[in-house]
Amino acid sequence: MISLKILPSRQIPMSMTTLIVLCAVYFGTVINYPVLNTLFHLSDSVPNPFFFYTAPILLTCAFIIIFSLFAWPYFFKPFLFFVVLTSAAALYAEKNFQVMFDSSMMESVFETNLSEISFYLNMTTVCYLLCFGVLPCVFLAWVRITPYSTWMKAVGSRVSLILVAAIGIGLIAQTCYKDYASVGRNNCYLNKMIIPAHIYYGARYLKKTYLETKLDYHTIGSDAQMVATPNSKPTLMVIVLGETARAMNFAYNGYKRDTNPYTKDMGLISFQDVSSCGTYTALSVPCMFSNMTRHSYNKPRAAAQDNALDVIQHAGVDILWIDNDGGDKGVAKHLAYKTINASLNNEDCNGLTCFDVAMLKDAKAFIDNGSHNKLLVLHTIGSHGPTYWQRYPNIQAPFQPACNRSDIENCNDKQIVNVYDNTLVYTDYVLSRVIEKLKSVSSDYNVMMTYISDHGESLGEGGVYLHGTPYLIAPKEQTHVPWLIWMPDEYAKQKGINKKCLATKAQNSNLSHDNLFHSLLGLYGVNTKAHDSTLDITQSCQSLS
């Protein structure tokens, strides 16, 4: 609650009806500027010259009805404080990054940790929150709602207000219904842009996550068994889970810049056409390790059954998940788990985040501790934006000038691409370090590494930044992800995989996260009824000379 000590001693008397109208006008025009701006550009294709000018009136009328339903004594003003402040944050995200707060985005918001939130704090964010959130709340605190003399007058005033708003909506529908129907049908994302849609979708997320009955747990692959290798050496696989890396900026995939300078001579196989399961981590990570396809993915069901790592563990494999990116999103709940302490201040950590190389110490300890079948997952922070420059040391930043600020909308395109490409170069450095470690223990293990990203990233193409766009309208920059495999000849021989065949498949196949569950089983050498050979990238390349 805003302290009245900072307010003038004399408050502004105002009826509830007047306050409702003022708030509706504010939300129908200022707060929803992004959707109005989008409609303005879309109105060029609408023959009705008055179409666009009806939009703020329509929104204002709609908000009058909505706010009237919540305008109760002792509740309305606290409710407005919350709505206005969160809407100011939503306005900043929509205006600068074209973010839409639907169910998927709210899932991402709720599963973001404090460290990740700090990535988005800058002077622009503060100005938006101050101008469009705090100052209106100060005004609201200054207002003193004057009661009506009788409850009949209060009810009559409210009913009359709703009736006038309904008539306004009706008149617009009479004159512009076909225009709105056409624009809405061809641009179905518009309703998700209306602020405060985040409150509705946030409530849906909380209900679905905490109030719905949990499903019974379903064990998958309990019959899993390791396939014996001719040389009898144990298997060591490292899965490097990338963050926000888009395939089109990898030199392996034809990018004009050398973003893979450290591993380019190490013989990696790059799968050229791989699609992600989602456009944000909270969806993609559990989806990609589940046995579900993108179209059939169901989060509650996935959370209530084993994933690919669980199945491999059923085969007696020792698995460790090391995390440097805000959590495993439920994938490692049955696994040994270690998170990097980002609060440290040293050459690899700045107190909020750590460079991905910080994971290698724990990785080495795990690898060197005994000789048996192992699988190591390194969940990297990779190219997490918008604070891209914090993902690598300054001395490992070949592309300059770089956008070394979190309000990336204030950088030019070249600076944004430079800073992003620097993160990919550093990721390549980390991969090279992992490969060198695996080479050093190849006399004791059959070793291999695979790298795959959870989703991609927009860098300003079409005015879109970051990620999290609804998949139906998401640009390819957010869904086209890299998938790399480093597999020594000995590993391929022991697992019965033809590397030339796999390299050819990498160039010509259309793949997705749908393939990961079954491909990990095939690559590691695990037999189970849960394995679907049609989705295993190694299946057609097995047992070839």
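Two strands count as paired if DSSP finds at least two bridges between them. Helices (H or I, at least four residues) and strands (E, at least two) are DSSP runs numbered from the N terminus.

The structure is a predicted model, in which local features need pLDDT of at least 70 and side-chain atom pairs count only at pLDDT 80 or more, while totals for chains, interfaces and linings use all residues. Residues are numbered from 1 along each chain as its sequence is written, and side-chain values use heavy atoms, with hydrogens and water left out.

**Exercise 1. Determine which strands pair with strand E9 and how its side chains are placed.**

Solution. 
- Step 1. Strand E7 (residues 318-323) pairs with E9 in the parallel sense over six bridges. In this pairing, Ile-319 stands opposite Leu-375.
- Step 2. Strand E4 (residues 235-242) also pairs with E9 in the parallel sense, over six bridges. Here Val-240 is opposite Leu-378.
- Step 3. Buried means under 20% relative accessible area, exposed over 50%, and partly exposed in between (1.4 Å probe, protein chains only). Six of the six residues of E9 (residues 374-379) are buried, so the strand is largely enclosed by the rest of the structure.
- Step 4. Lys-374, Leu-376 and Leu-378 point one way from E9, whereas Leu-375, Val-377 and His-379 point the other way.

**Exercise 2. Identify the residues with the most contacts inside the largest nonpolar core, and the contacts of Leu-378.**

Solution. 
- Step 1. A nonpolar core is a set of buried Ala, Val, Leu, Ile, Met, Phe, Trp, Tyr and Cys residues joined through side-chain atoms within 4.5 Å.
- Step 2. The largest such core has 107 residues, and those with the most contacts inside it are Phe-67, Phe-76, Leu-376, Leu-378 and Met-449.
- Step 3. Contact means heavy atoms within 4.5 Å. Leaving aside neighbours within four places in sequence, the contacts of Leu-378 include Val-238, Val-240, Ile-322, Met-359 and Val-434.

**Exercise 3. Describe the span of helix H3 and the packing of its buried residues.**

Solution. 
- Step 1. The expected span of a helix is 1.5 Å times one less than its number of residues. Helix H3 (residues 51-70) has 20 residues and reaches 29 Å from its first C-alpha to its last, close to the 28 Å expected.
- Step 2. The buried residues of H3 include Phe-52, Leu-59, Phe-63, Ile-64 and Phe-67.
- Step 3. These buried residues of H3 pack against helices H1 (16-31), H2 (33-42), H4 (76-97) and H8 (151-186).
- Step 4. Tyr-74 lies in the loop between H3 and H4. This residue has a positive phi of about 70° although it is not a glycine, and it is exposed, with a relative accessible area of 83%.

**Exercise 4. Classify the aromatic pairs Tyr-128 with Phe-132 and Tyr-200 with Tyr-201.**

Solution. 
- Step 1. Rings of Phe, Tyr and Trp (its six-membered ring) pair if their centres lie within 6.5 Å; planes under 30 degrees apart count as stacked, over 60 as edge-to-face and the rest as tilted. By this rule the count comes to 23 aromatic pairs.
- Step 2. The ring centres of Tyr-128 and Phe-132 are 5.4 Å apart and the planes lie at 45°, so this pair is tilted.
- Step 3. Tyr-128 and Phe-132 are four residues apart in helix H7 (residues 123-142), and therefore about one helical turn separates them. Tyr-128 is buried at 15% relative accessible area, whereas Phe-132 is partly exposed at 26%.
- Step 4. The pair of Tyr-200 and Tyr-201 is edge-to-face, with 5.0 Å centre to centre and 70° between the planes.
- Step 5. Tyr-26, Phe-27, Phe-63, Phe-67 and Phe-76 form one aromatic cluster.
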